[in-house]
Amino acid sequence: MHRLVDAKKQQDNRDHSIAECNDIWGDYSGTDLQCDEYPFASTKEGSNKGDDRYSVRLIEGTDNEAGGRRLNSNTLNRILDGDPFYVKITN
């Protein structure tokens, strides 16, 4: 994936993902659930890219927010706008 710093484009990715969650699961406002997306909204490969290669799912808000803290590592590791990075999934 590639880091995306542009806040407007990140929000466009989030909005697209949230719309998809609403289409699939209906109104989940008033719950502790949040729409989670992959690839992340903060990547150039996010859901608004236009290639329909993304996934969304409702998850507990606390879990979603914990995952978001990973993004702070981008700054700490000097992953700049457009820089490539990979995600290793482990159990």
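Is D52 buried or exposed? I found D52 at 62% relative accessibility, so it counts as exposed (buried is under 20% relative accessible area, exposed over 50%, partly exposed in between, with a 1.4 Å probe and protein chains only).

Some housekeeping before I go on. This is a predicted model, where local features need pLDDT of at least 70, side-chain atom pairs count only at pLDDT 80 or more, and totals for chains, interfaces and linings use all residues. Residues are numbered from 1 along each chain as its sequence is written, and side-chain values use heavy atoms, with hydrogens and water left out.

Backbone entry: I noted that D52 has a positive phi of about 55° although it is not a glycine. D52 lies in the loop between β1 and β2. I found P39 in the loop between β1 (33-38) and β2 (55-60), and a cis peptide bond with omega about 0° links Y38 to P39. Helices (H or I, at least four residues) and strands (E, at least two) are DSSP runs, numbered from the N terminus.

R78 sits in the segment after α3 (72-76) and is exposed, with a relative accessible area of 61%.

Core entry: which residues make up the largest nonpolar core? I listed 5 residues: C21, Y28, C35, V56 and L58. Such a core is a set of buried Ala, Val, Leu, Ile, Met, Phe, Trp, Tyr and Cys residues joined through side-chain atoms within 4.5 Å. Leaving out residues up to four places away in sequence, V56 touches S17, E20, C21, I24, W25, C35, D36 and E37 (contact means heavy atoms within 4.5 Å).
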